[in-house]
Amino acid sequence: MMWRVALIISVTCLVQPSQGYVEDYYCGEHNCYDLLEITREATKNDVKRAFRQIASKTHPDRFQDEEEKKIAEERFRQLSTAYDILRDPEARADYDYMLDHPDQFYQNMYRAWRRRMAPHVDVRIVLAVTISLISLVQYYNGWTKYEEAIKYFTTVPKYRLRAIDIAKSEGLLSDKKKNRGMSKEQVKEHEEKIIRQVIENKMDIRGVYAKPTYKDILWVQLLFVPVWFVQYIMWYITWIWRFWIKKEEYGTEEKLYIIRKKMGMSQGQFDMLDDETKQEYLEEELWFSDNYTVWKAQKDEELKVKLAQSGRYKSYRRYMKANGPGRMYFDDS
């Protein structure tokens with residue numbers, strides 16, 4: 001394999017053209033400066049002035065004969081190509097490099113090809129548009145999930161009854177005078193609206209389905225990255241000073257933070273836990289490594305017992321024992 005690669009490279013070097021121009025990318029076998037009758041020291045205004053003077057004399061519309069018109073069209077095409085190259089600073093720099101290094105044919109061809117095929121849109125604009133689209137998708141997705149959570153809580157009896165109790169305690173559903181003159185459908189619609197408002201305003205929806213804020217948008221996150229980084233450094237230094245050096249006792253917030261880290265849960269996942277579960281973790285003192293190890297082993301054992309008693313899990317184990325993982329079967333019957 002290696003000798004084939006070496007042979008291809010050797011042949012490529014042998015057949016490298018001796019001419020310095022890059023055909024079909026610049027002015028072909030012509031010199032762009034000579035076509036416009038200017039020198040390499042010409043300024044951008046000189047290039048524009050020279051092109052206008054020569055193009056006015058050789059424009060195809062000045063000729064009536066078909067043969068002369070075709071020659072003029074080809075001449076005008078060459079002039080236009082030379083003008084486009086020399087008026088663009090980057091394209092002109094690549095062309096000057098080719099003139100100064102005629103032996104580097106393939107390098108010059110690559111530079112010319114890259115210049116022609118590269119997108120002519122500012123990369124910063126592309127990034128800005130992309131980030132804006134992602135931000136819009138994030139915002140829409142956040143509100144969609146929030147609406148799904150509200151609809152879910154209004155249909156689940158546990159949360160619905162809790163919302164009704166809150167509404168009754170605040171007198172939002174007990175006033176029957178406001179319902180006079182309303183049909184049953186209107187009363188029901190009014191009650192559903194109140195229940196929804198109570199769930200939105202009085203009940204804490206956490207985690208992934210929480211109400212989206214401006215901090216969830218990618219644009220804001222990118223802008224606040226330096227601020228959040230500094231805040232994290234300050235928080236980490238404060239943690240070391242308070243709990244490693246001064247040996248202060250952990251507060252409730254610090255205890256829950258250590259427990260979350262030991263469980264490998266994100267902040268959103270941990271926020272979805274109810275207060276009773278978090279209180280249970282605090283009572284078990286799971287921020288201590290020994291207590292957490294014992295508690296984790298106990299929970300794993302309970303899970304094993306629960307799975308052993310599950311008929312679905314037993315069926316799954318029998319299937320895996322008989323067929324093994326990753327096997328596929330096609331029933332042709």
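Q: Which residue meets the side chain of Arg196 in a salt bridge?
A: In this predicted model, Arg196 is found in helix α9, which spans residues 184-202. The side chains meet with an N to O distance of 3.1 Å, and the partner is Glu200.

Q: Is Arg196 buried, partly exposed or exposed?
A: Arg196 touches Glu147, Ile150 and Thr154, leaving aside residues up to four places away in sequence. Buried requires under 20% relative accessible area and exposed over 50%. Because the relative accessibility of Arg196 is 26%, Arg196 counts as partly exposed.

Q: How far apart are the closest N and O atoms of the salt bridge between Lys296 and Asp300?
A: Lys296 and Asp300 both lie in helix α14 (residues 289-308), four residues apart, or about one turn of the helix. Lys296 is partly exposed at 34% relative accessibility, and Asp300 is partly exposed at 32%. The closest N and O atoms of this salt bridge are separated by 3.2 Å.

Q: Which helix supplies the largest share of the lining of the largest pocket?
A: The largest pocket, with a volume of about 1,000 Å³, is lined by 31 residues, and among those nearest its centre are Asp216 and Arg260. At least two lining residues come from each of α7, α10, α11 and α12. The largest share amounts to seven residues, and the helix that supplies them is α10.

Technical notes:
Residues are numbered from 1 along each chain as its sequence is written. This is a predicted model: local features need pLDDT of at least 70, side-chain atom pairs count only at pLDDT 80 or more; totals for chains, interfaces and linings use all residues. Side-chain values use heavy atoms; hydrogens and water are left out. On a 1 Å grid over the protein atoms alone, a cavity is a set of points where a 1.4 Å probe fits but cannot get out, and a pocket is an open set with protein on both sides within 12 Å along at least five of seven lines; lining residues have an atom within 4 Å of a point. Grid points are joined across faces, edges and corners, and a volume is the space filled by probe spheres set on the points. Buried means under 20% relative accessible area, exposed over 50%, partly exposed in between (1.4 Å probe, protein chains only). Contact means heavy atoms within 4.5 Å. A salt bridge is a side-chain nitrogen of Lys or Arg within 4 Å of a carboxyl oxygen of Asp or Glu.
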